[in-house]
Amino acid sequence: MEKSRGERKLSLRLFWFASLVRNRLGLEASSGYGVASKLIGFIMLVPSALMQSLASFISMNVGAGDEKRAEKAAVTGVWICEIVGVAVFFLVLRHGDLFSAVFTADSAVIAKSFAYLQGFAPEVLLTPVLFAFIGYYNGHEATV
C-alpha cells in the first residue's frame with residue numbers, strides 16, 4: 001500500500017525535525033548517533049531475517065493444515081530470538097564501544113555512540129520477540 005501525499009509530507013517533516021534536533025546536539029553527539037545507527041541496523045538483521053523466515057514457514061504449515069507445527073515453529077522462533085537478544089544485549093551493554101570503534105577512531109564519537117547503544121540495549125530484548133510474533137501473524141495473514 002502506497003502512502004498518500006499527506007503521509008509523505010508528514011514523514012518528510014518528521015525526518016527534517018529529527019535531523020534538526022540531532023544536528024543541534026553537536027558534532028560528536030550527532031556523529032555518535034550515526035555510528036550507533038549503523039550498528040543498530042546490523043544488530044536488527046537477525047530478528048528481521050527470522051521474522052521473514054518464520055512468516056514463510058508458518059504460512060506453509062497453515063496452508064498445509066498443520067497448525068500444531070506452525071505454533072511449535074512460532075514458540076521455537078521466540079526462544080531463538082530471545083536467546084540471541086539476551087546475548088546481543090550483554091554484548092552491546094558491556095562492549096558497545098568496541099563495536100563503535102570499528103567505524104571511527106575518534107574517542108569522543110565512540111563514547112557518544114556507546115552511550116546511545118547502552119540506552120538502546122533494552123530494546124534488543126523486546127524487539128526480537130515482537131518480530132517473532134509479527135512473523136507468526138504474517139504467516140496467518142492476520143496483519144493489517
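Predicted model: local features only at pLDDT ≥ 70, side-chain atom pairs only at ≥ 80, totals over all residues.

Author: Residues are numbered from 1 along each chain as its sequence is written, and side-chain values use heavy atoms, with hydrogens and water left out.

Reader: How many helices and strands does the protein have, and how are they defined?

Author: The protein has 5 helices and 0 strands. Helices (H or I, at least four residues) and strands (E, at least two) are DSSP runs, numbered from the N terminus. Along the sequence the pattern reads α-α-α-α-α.

Reader: What makes the protein more spread out than a compact globule?

Author: Its radius of gyration is 19 Å, well over the 15 Å that the globule rule gives for 144 residues, so the protein is more spread out than a compact globule. The radius is taken over C-alpha atoms, and the rule is 2.2 Å times the number of residues to the power 0.38. The C-alpha trace spans about 55 × 40 × 20 Å along the principal axes.

Reader: Why is Val35 called buried?

Author: Buried means under 20% relative accessible area, exposed over 50%, and partly exposed in between (1.4 Å probe, protein chains only). Val35 has a relative accessibility of 10%, and therefore counts as buried. Val35 lies in helix H2. Of the 144 residues of the protein, 30% count as buried.

Reader: Which residues does Val35 touch, and what counts as a contact?

Author: Contact means heavy atoms within 4.5 Å. Not counting residues up to four places away in sequence, Val35 touches Ser100, Phe103, Thr104, Val109 and Ser113. Val35 and Phe103 are 68 residues apart in sequence, yet their C-alpha atoms are 6.6 Å apart in space.

Reader: What makes Ser113 a buried residue, and which residues does it touch?

Author: Ser113, in helix H5, has 0% relative accessibility and so counts as buried. With residues up to four places away in sequence left out, Ser113 touches Gly32, Val35, Ala36, Leu39 and Ser100.

Reader: How do you know that the length of H2 agrees with its number of residues?

Author: The expected span of a helix is 1.5 Å times one less than its number of residues. For the 17 residues of H2 this gives 24 Å, and the end C-alpha atoms are 24 Å apart, so the two agree. The buried residues of H2 are Ala29, Ser30, Gly32, Val35, Ala36, Leu39, Ile40 and Ile43. Helix H1 (5-23), H3, H4 and H5 are included in what covers them.

Reader: How do you know that the buried residues of H3 are on the same side?

Author: In H3, Pro47, Met51, Leu54, Ala55, Ile58 and Asn61 are buried. They cover an arc of only 140° around the axis, and therefore lie on the same side of H3. The arc is that of the directions from the helix axis to the C-beta atoms. These buried residues pack against H2, H4 and H5. The face turned away from the buried side carries the exposed residues Gln52, Met60 and Gly63.

Reader: What makes a set of residues a nonpolar core, and which residues touch the most other members of the largest one?

Author: A nonpolar core is a set of buried Ala, Val, Leu, Ile, Met, Phe, Trp, Tyr and Cys residues joined through side-chain atoms within 4.5 Å. The largest has 13 residues, of which Ile40, Ile43, Val92, Leu117 and Phe120 touch the most other members. Helix H2 (27-43), helix H4 (67-100) and helix H5 (107-139) each supply at least two residues of this core. A second, separate core of 9 residues includes Leu54, Ala73, Ala74 and Cys81.

Reader: Which residues does Phe120 touch?

Author: Phe120 touches Ile40, Ile43 and Met44, again not counting residues up to four places away in sequence.
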